Amino acid sequence: MDAVYTHGHHESVLRSHRWRTAGNSAAYLLPHLKPHMKVLDVGSGPGTITADLAARVPDGHVTASEVTEDALELARAEVAARGLANVGFAVADVHALDYPDDTFCVAHAHQVLQHVGDPVRALREMGRVTKPGGLVAARDSDYSAFTWWPRVPALDEWMALYQRLARANGGEPDAGRRLLSWARAAGFEDVTATSSTWCFADPEDRAWWGGMWADRILRSALAEQAVATGAATEADLRRMSDGWREWAAAEDGWLSVLHGEILCRVTA
Ligand SMILES: C[S@@+](CC[C@H](N)C(=O)[O-])C[C@H]1O[C@@H](n2cnc3c(N)ncnc32)[C@H](O)[C@@H]1O
């Protein structure tokens, strides 16, 4: 349960997370939302998805939850900027949610289970606070299944480094392929498992994704951990950063991020 969140909340990380919308990150859930629903968004981060979900349940309510008050502040600012009145905020660890049984219609987690120490317990806990007939929804990327062109050796180094550090922190970077098995282990019987991708292939998208990772590998918590643990030198990180810029500048550059998704129906 004591996993460390690998990415931290540096600007280069938030730049990536703030790009996320309910449309590009929770499309598998959206057809199931009804205007009156009560939703828990676990690990809400900067809250762009949280705010989108809130707009889709105008007669209902969304609770944004995060592990620290500082992290929760990010979602508070996003929700305030959008003028949404139906969002509440709570500091909560997904392994032990401070809510009675059967509180929410939907418990949602986007890119969270890959970072937690016990994803099966987390899913069981999300199920406990969800009403019978409600849904537990989770989506996670699967790092080993990221694929790109052209081949840039420094990006293979980046991938190996990321996997090593995420696992050292107690996470599972290949969570996407594991979600269904975790849901089964958590006791869910009615599970719909799907996948979807993000694709970055035009010059603007490549510049954004490649530029974001070029900064992130030099400046975020990941970079600090890499150097502090001796997993990489600053020169290694600069080479990986340059690799991201090389990929972004390639006219035929293309990258796809595979995600696993689960929708678990809660039974009485
Ligand atoms: C990759 S971010 C995803 C943020 C947001 N859901 C999104 O997709 O934009 C993962 C978030 O999960 C939070 N987190 C990490 N461990 C957690 C835990 N045990 N319980 C709840 N949230 C956690 C982190 O603080 C971080 O903000």
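E66 sits in strand 2, which spans residues 61-66. The model is predicted. In it, E66 is buried yet has no salt bridge, and E66 is among the closest of the 19 residues that surround the ligand. Elsewhere, the whole structure holds 17 salt bridges.

**E66 and its surroundings**

- The nearest side chain of opposite charge to E66 belongs to R20, 9.4 Å away.
- A polar atom of the E66 side chain lies 2.8 Å from the backbone nitrogen of G45.

**Ligand surroundings**

- The ligand is surrounded by 19 residues, and the closest are R20, G43, E66, V94 and H110.
- H110 places an N or O atom of its side chain 2.7 Å from an oxygen atom of the ligand.
- H9 has a side-chain N or O atom 3.1 Å from an oxygen atom of the ligand.
- V94 works through its backbone: a polar backbone atom is 3.0 Å from a nitrogen atom of the ligand.

**Annotated domain**

- UniProt, in an unreviewed entry, places the feature "domain: Methyltransferase" at residues 34-145.
- Over residues 34-145 the chain is 29% helix and 31% strand.
- The end C-alpha atoms of that stretch are 33 Å apart.

**Helix 3**

- Helix 3 covers residues 48-56. Seven of its nine residues are buried, so the helix is largely enclosed by the rest of the structure.
- The buried residues are T48, I49, T50, A51, D52, L53 and A54.

- R15 and D215 form a salt bridge, with the closest N and O atoms 2.9 Å apart.
- R15 lies in helix 1 (residues 11-17) and D215 in helix 8 (residues 203-219), so the pair ties together parts that are 200 residues apart in sequence.
- Are the two partners buried or partly exposed? R15 is partly exposed, at 25% relative accessible area. D215 is buried, at 13%.

- E125 pairs with R128 in a salt bridge, the closest N and O atoms being 2.9 Å apart.
- Both E125 and R128 lie in helix 5 (residues 119-128), three residues apart, or about one turn of the helix.
- E125 is buried, with a relative accessible area of 12%, whereas R128 is partly exposed at 25%.
- D236 and R239 also meet in a salt bridge, at 2.9 Å from N to O.
- D236 and R239 are three residues apart in helix 10 (residues 234-249), so about one helical turn separates them.
- R239 is partly exposed, at 37% relative accessibility.

- Salt bridges that share partners join E11, R15, D215, R219 and R245 into one network.
- The network includes R15 and D215, the pair that links helix 1 to helix 8.

Conventions. Residues numbered from 1 in each chain as written. Predicted model: local features only at pLDDT ≥ 70, side-chain atom pairs only at ≥ 80, totals over all residues. Heavy atoms only, no water. UniProt positions renumbered as here; feature names shortened; annotations may be inferred. Helix = DSSP H or I, 4+ residues; strand = E, 2+ residues; numbered from the N terminus. Buried < 20%, exposed > 50% of the residue type's maximum accessible area, 1.4 Å probe, protein only. Lys, Arg positive; Asp, Glu negative; His and termini not counted. Salt bridge = Lys/Arg side-chain N within 4 Å of Asp/Glu carboxyl O. Polar contact = N/O pair within 3.5 Å; in protein donor to acceptor, adjacent residues only side chain to side chain. Near = heavy atom within 4 Å.
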